[in-house]
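My entries follow the model below.

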Amino acid sequence: MFNPASDMTDLGERVLCTESYGSRRTQRYQLLPGGTLSCVPDRPGDGGYRSLWDFFMAVFLPQGYPESVSPDYLAYQIWDTVQAFASSITGTLATQAVLKGVGVGDETSTVTAATVTWILKDGTGMLGRIFFAWSKGSKLDCDAKQWRLFADILNDVAILMEILAPAFPACFTFIVCISGFFKCIVGVAGGATRAALTMHQARRDNMADVSAKDGSQETLVNLAGLLVSLLLIPLVADNLCLTYSLYGLFTILHLYANYRAVRAVCMETLNRARLCLVLRHFLQQGKVLGPDVANPQEPLLLGFRHQLKMSLGAPLHTVTSSVAEFQRALEENSTNYLIFFNQAAGTVSVVLHQQACSVDVIKACTHAFLLEALMYWDVTSCVLEKESLLTVQQQLCEESKNKGCSVVSETRRILDRIFPRFLTGLTAAGWVTERNLLGPEEWRVDWTISGKKTF
């Protein structure tokens with residue numbers, strides 16, 4: 001151990017220890033003659049600049065940045081800042097149009113009429129908020145990127161409606177009510193998906209800090225937008241052509257920035273779109289795509305739908321009412337899920353066991369996608385189980401008029417052979433399998449009553 005008293009006579013300065021603040025700042029402690037402990041920064045020449053930069057980062061970035069957040073944090077926040085600025089400008093144009101439409105500056109308009117219009121607008125929006133949260137709330141986590149982009153597109157549509165509303169005085173109240181309805185949907189979808197993205201970005205259980213700093217960044221951007229808006233308002237007050245031009249310009253910027261923002265997000269949890277991409281590549285190449293490769297290929301439009309309609313976590317009574325069919329599904333089944341496949345209807349229903357864990361849900365969804373592959377994919381390009389898949393695909397064509405019970409059994413055998421390797425590949429590639437975003441319903445069935453699977 002170093003003894004300061006015994007080395008006080010050393011002519012040189014001794015470094016006792018070094019200290020770091022994350023990866024952003026380092027300094028060392030030296031023992032000076034006379035027993036004084038001195039702190040020396042590694043880069044003392046940029047003290048003023050460093051102090052300002054450290055202050056800026058402390059105000060607007062989470063503590064411990066960049067180690068405390070996901071690698072995609074900076075790219076997402078930069079583009080999110082750009083889109084927030086563009087949205088602030090178009091929002092100002094819309095506010096000016098709505099105020100003009102309700103009668104601000106018009107001596108013939110009454111306060112009562114304006115108040116009624118505003119109340120109807122807000123009331124319609126409140127109803128929209130409740131309805132959307134009820135109908136789509138459980139889906140927002142699974143497809144956070146898609147719903148985030150959807151929310152911003154809908155926001156631009158709502159702003160356009162408000163800008164155009166004064167041109168149609170007879171329908172003004174109806175137009176702004178619909179716009180308010182849309183904006184409240186935007187509020188629910190945008191806020192919920194932002195929370196999901198914050199959960200993804202926070203890597204040290206620091207969701208509150210990440211969310212708070214995101215709010216600070218947005219406030220700063222909105223303040224800059226307000227200052228720019230103060231300069232633009234006098235120019236667009238009586239110039240509809242310039243108003244529409246500015247709206248078009250900033251809307252294009254807003255949509256592009258939003259696309260780049262959500263495209264920058266690299267989620268390590270599997271949703272249906274990402275699992276489908278990874279499985280397709282695995283069957284065709286024998287390798288599992290990592291999150292950094294699969295995420296850029298994920299469709300971002302909500303219009304994207306799988307060709308086979310899947311119901312994950314379906315209640316048993318909606319799937320079958322036949323005891324014989326239920327028993328056939330249980331035969332030779334050692335998994336924590338049951339597959340009911342109806343080729344004619346293009347549906348696959350998955351019944352989950354009460355003990356089904358995240359890996360079981362991933363396997364069940366993989367099984368459903370394997371059935372979709374037999375129906376719609378070119379399995380001749382597969383390198384894994386090619387002959388087996390071709391045989392089952394031919395069998396599927398022969399069973400086109402029934403519910404494909406034997407096909408389900410055959411695909412289960414194929415999956416039992418490839419899934420251990422697939423699961424190992426998912427973990428090795430960086431995917432999280434302890435949880436998923438596949439969106440199963442809450443229904444669970446216990447078909448092992450009294451330890452039996454037959455009746």
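I started in helix H1, where phenylalanine 56 and phenylalanine 60 both lie, four residues apart, about one turn of the helix. The model is predicted, and I read every value with that in mind.

I then looked up the ring geometry of this pair. The centres of phenylalanine 56 and phenylalanine 60 are 5.1 Å apart and the planes meet at 45°, so I logged the pair as tilted. Planes under 30 degrees would count as stacked and over 60 as edge-to-face.

Next I checked burial. Phenylalanine 60 is buried, at 16% relative accessibility. Phenylalanine 56 is partly exposed, with a relative accessible area of 35%.

I moved on to tryptophan 53. It sits three residues from phenylalanine 56 in helix H1 (residues 47–60), so about one helical turn separates them. Tryptophan 53 is partly exposed, at 36%. Ring pairs link Trp53, Phe56 and Phe60 into a cluster.

I counted aromatic pairs: the total is 11. One of them is tryptophan 53 with phenylalanine 56, stacked at 5.6 Å centre to centre with 20° between the planes.

I looked for charges over rings. Lysine 121 lies over the face of tryptophan 118, 5.2 Å from the ring centre. Arginine 280 lies over the face of tryptophan 377, 4.1 Å from the ring centre.

Is lysine 213 buried or exposed? I found 14% relative accessibility, and under 20% means buried, so lysine 213 counts as buried. Lysine 213 is in helix H6 (residues 207–236). Leaving aside neighbours within four places in sequence, I listed its contacts as Ala58, Val59, Phe60, Leu61, Pro62 and Gln63.

Terms used:
Residues are numbered from 1 along each chain as its sequence is written. This is a predicted model: local features need pLDDT of at least 70, side-chain atom pairs count only at pLDDT 80 or more; totals for chains, interfaces and linings use all residues. Side-chain values use heavy atoms; hydrogens and water are left out. Helices (H or I, at least four residues) and strands (E, at least two) are DSSP runs, numbered from the N terminus. Buried means under 20% relative accessible area, exposed over 50%, partly exposed in between (1.4 Å probe, protein chains only). Contact means heavy atoms within 4.5 Å. Rings of Phe, Tyr and Trp (its six-membered ring) pair if their centres lie within 6.5 Å; planes under 30 degrees apart count as stacked, over 60 as edge-to-face and the rest as tilted. A charge sits over a ring if NZ of Lys or CZ of Arg is within 6 Å of the ring centre and within 35 degrees of the ring normal.
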